[in-house]
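Here is a short briefing to read alongside the model.

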Amino acid sequence: MMSNNAEANGNITQVSKRAKMSEDGTVLHLDGIPPDTLSKVQSYQKRFTLSLETLQQVSSRLRRDFNRGLGKHTHHRAAVKMLPTFVRATPDGTEKGDFLALDLGGTNFRVLHVRVVEEAQKVVKMDSQICAIPQEIMLGSGEQLFDHIAACLSDFLDSQTLKGQTLPLGFTFSFPCEQKEIDKSILIRWTKGFNCSGVEGRDVVKLLKEAIHRRGDYDIGSVAMVNDTVGTMMSCGYRDQSCEIGMIIGTGTNACYMEEMKNVKRVEGEDGRMCINTEWGGFGDDGSLADIQTEFDVEVDRTSINPGVHTFEKMISGMYLGEIVRLLLVKLTEDKLLFKGQASDVLLTPGAFETKYISDIEEEDGGLENGQKILTKLGLTWDLIDVRVVRLVCDTISSRSARLCAAGLATIVNRIRASRGLEHLKTTVGIDGTVYRKHPNFSEELQDTVRRLAPQCDITFLLSEDGSGKGAAMVTAVAQRLALQSRLLEDSDGEEDEEEEEDDDGYV
């Protein structure tokens, strides 16, 4: 975990000022800003400041949206979609063997050979290959696309001398899909520049298998469709079998968790659990977060490629944080609180303030120096007070992001604890994404805030290793284990009908 080292650096002024500001755990640098300037900047900053009470309200709204998304009759109008993944268990440590993984989510796709080693409790990537998808294939027919994927998979199997084996395959397909079974997923629509004809509305697993059969030079075993957030959870689940939540905070944000089957009203069956892909980026799309959105959030949404969609994501994820900072810096400049009121053409250009600048400027040791370089790069004339104000703006926006993520995660862990009737829950979150990995304070503030919002939950955070590759293989390994167990049960004699009492999960 990355921590804030202000105490270690002997910066007593900063620590005492920050302590006054942050009884609720917010990390802010207030030192070196004249009081008059600071109070004016803080009039903007407070619009982004979310108290623990406000975060509890956000969590309560998200809990209500979870119930709507899971409901048979309310799902279709729910902002948070709560998609069943048909992943019915996490690893138990007995999985083993060789698997293939296919990761398609952009202009390149990856093919991997993964070995699950039971004795060492490790998921080992044996080898992988990246294949490009030319523009003409991205815009051609679906048959062309899947023939291209099948050909690249054939080349990879040749290079690994795996052609004679029929290996199970985990398929991470990062486009909007409606999953019908672990091995059946219908493409709703293409995104990310793809527009292959004859694929929307069809099962992508079937299209892949048909392309492989057209070749006739190899075959694959069972296929498991994998969402990258689910892969994140599963890639950690072999190392830590109490991992039953996956979370991504990168370019976008999402989370998944193991839900009690009795609460998944859209899938038959009451027993056991199923991983739910929350698609929580859509939280607030029905206006439920309007009271905490600022004028800057509204502008980011208005100028985005998908206005009115992914409200929660736009307040949290790496694709948008830099732009929120830029808009706030422009406003402070207009109010003559920055750069003597003189903005540069670069600062006035949408997208010019990159999200990675936030992490660079908030670094404990070199942050101010980084800030000077970045402001110069943005064509601005600055003084040291400007650099400190910019750092405070970055603190404010990243802090809100971490705290909103914490409210989301608290909703999940509190729900798991209540639905299992537990006084205390001990669980692990598999987590990934550049914002979480690279920002100097984000992980610390997220963890501190979620502990305050979910005091009866003891949460361990594990960084995921290649959720869309190793995680996809792990999903396939678990599906294979469950299929084998169910076959064994069907073959056994003396079956008895058992009735289990259902616990009230404490939710309306």
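Leu-167 sits in the loop that runs between α5 (142-159) and β5 (169-173); helices (H or I, at least four residues) and strands (E, at least two) are DSSP runs, numbered from the N terminus. The model is predicted, so local features need pLDDT of at least 70 and side-chain atom pairs count only at pLDDT 80 or more, while totals for chains, interfaces and linings use all residues. Residues are numbered from 1 along each chain as its sequence is written, and side-chain values use heavy atoms, with hydrogens and water left out.

- Leu-167 is buried, at a relative accessible area of 7% (buried means under 20% relative accessible area, exposed over 50%, partly exposed in between, with a 1.4 Å probe and protein chains only).
- Setting aside neighbours within four places in sequence, Leu-167 is in contact with Asp-98, Leu-100, Leu-162, Ile-220 and Gly-221 (contact means heavy atoms within 4.5 Å).
- Between the C-alpha atoms of Leu-167 and Ile-431, which lie 264 residues apart along the chain, there are 28 Å.

**The sheet and its helix**
- An open sheet of 6 strands has the order β1-β11-β10-β9-β12-β13, with mixed pairing (two strands pair if DSSP finds at least two bridges between them).
- At the edges are β1 (83-84) and β13 (457-463), each pairing on one side only.
- Packed on the sheet is helix α7 (residues 228-237), which touches β9, β10, β11 (273-277), β12 (425-432) and β13. The direction of α7 makes about 130° with that of β9 (axes are lines fitted to C-alpha atoms, for helices over the stretch in contact, and angles run from 0 to 180 degrees between N-to-C directions).
- Strands β9 (residues 243-249) and β10 (residues 253-260) pair in the antiparallel sense over 5 bridges.
- Gly-246 has Cys-256 in β10 as its bridge partner.

**A helix pair**
- Helices α11 (residues 355-362) and α13 (residues 384-419) pack at about 115°, their axes 9 Å apart.
- From α11, Ile-358, Ile-361 and Glu-362 make the contact; from α13, Val-390, Arg-391, Cys-394, Asp-395 and Ser-398 do.

**Cysteines**
- The disulfide count is 0 (a disulfide is a pair of cysteine sulfur atoms within 2.5 Å).
- Cys-177 is in no disulfide, and its nearest cysteine sulfur, that of Cys-196, is 13 Å away. Cys-177 counts as buried, at 15% relative accessibility.
- Cys-256 is in no disulfide either, with the nearest cysteine sulfur, that of Cys-275, 3.8 Å away. Cys-256 is buried too, at 0% relative accessibility.
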